[in-house]
Amino acid sequence: MTARTVVLLRHAKAETPGELPDIERQLTDRGQADAGAAGAWLAAEGLRPELVFCSPAMRTRQTWHAVAVALAEADPAGSAPEVRYDPGLYAGGRTEVIDLLRTVPEGTATVLVVGHNPTMSDVSLLLGTSDGELGLAGLRTAGLAVHRADLAWSQTEPGALPLVQTHTARA
């Protein structure tokens, strides 16, 4: 069986809620820089996603865009992943994320999920932690949790993908 890797990424720092609807909140300048740093970290770690699930909210799309730019800069010849903007990542919870992971084509080795808290932290805890690394604080903005296991995507379930690495990207 091939190792499957899922990387959970909490969106980078966003504007304080104001008069715009929540789904339209944008990243701050710091958030833009941190999202780029998250992409650079993924590239340095060799974690190039083949498939990306992203919330349709503006701040998650901007986070993904900055990550994609950093990945492309690190490897200009690399292929771009398939990107799916899924409303369940904005309005749903951990069940929707697990259900999405179960639909990943079996030939896919690495998936990136760009979403919101508390869902990203909840999914990480649900998939499986090691030594309490994530802890009760959960993922910070631009925080990444890398989970890996030798299993079919269709077998994704609680405890099935142990946490192997965490990182909080800061520019």
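Reader: Which residues have the most contacts inside the largest nonpolar core?

Author: The model is a predicted one, and in it the largest nonpolar core has 23 residues, with Val6, Leu8, Phe53, Leu101, Val111, Val113 and Leu127 having the most contacts inside. At least two residues of this core come from each of S1, S2, H4, S4, H5 and S5, and the largest share, four residues, is supplied by H4. Apart from it lies another core, of 22 residues, which includes Val7, Trp41, Leu47 and Val52.

Reader: What does Phe53 touch, leaving aside residues up to four places away in sequence?

Author: With those neighbours not counted, Phe53 touches Arg84, Leu89, Leu100, Thr103, Val104, Val111, Leu112, Val113 and Val114.

Reader: What makes S3 and S6 the edges of the sheet?

Author: The open sheet has six strands in the order S3-S2-S4-S1-S5-S6, with mixed pairing. Strand S3 (82–85) and strand S6 (163–168) each have a single partner strand, so one side of each is left without a neighbour in the sheet. From one strand to the next the twist averages 15°.

Reader: Which strands does helix H2 lie across?

Author: Helix H2 (residues 58–74) lies across strand S1 (3–10), S2, S3 and strand S4 (110–115), and runs at about 140° to S4. Helix H5 (residues 119–127) also packs on the sheet, where it touches S1, S4, strand S5 (143–150) and S6, its direction making about 150° with that of S1. The buried residues of H5 are Thr119, Met120, Ser121, Val123, Ser124 and Leu127, and they pack against S1, helix H4 (94–102), S4, S5 and S6.

Reader: Why is Thr110 called buried?

Author: Buried means under 20% relative accessible area, and Thr110 has 11% relative accessibility, so the label applies. Thr110 is found in strand S4 and, not counting residues up to four places away in sequence, touches Thr5, Arg48, Pro49, Glu50 and Leu51.

Reader: What makes the pair Arg59 and Asp22 a salt bridge?

Author: The cut-off is a side-chain nitrogen of Lys or Arg within 4 Å of a carboxyl oxygen of Asp or Glu, and the side chains of Arg59 and Asp22 meet at 3.0 Å, N to O, so the pair qualifies. It links distant parts of the chain, with Arg59 in helix H2 and Asp22 in the loop between S1 and helix H1 (29–44), 37 residues apart. Arg59 is buried at a relative accessible area of 5%, whereas Asp22, at 32% relative accessibility, counts as partly exposed.

How values were computed: Residues are numbered from 1 along each chain as its sequence is written. This is a predicted model: local features need pLDDT of at least 70, side-chain atom pairs count only at pLDDT 80 or more; totals for chains, interfaces and linings use all residues. Side-chain values use heavy atoms; hydrogens and water are left out. Two strands pair if DSSP finds at least two bridges between them. Axes are lines fitted to C-alpha atoms, for helices over the stretch in contact, and angles run from 0 to 180 degrees between N-to-C directions. Contact means heavy atoms within 4.5 Å. Buried means under 20% relative accessible area, exposed over 50%, partly exposed in between (1.4 Å probe, protein chains only). A nonpolar core is a set of buried Ala, Val, Leu, Ile, Met, Phe, Trp, Tyr and Cys residues joined through side-chain atoms within 4.5 Å.
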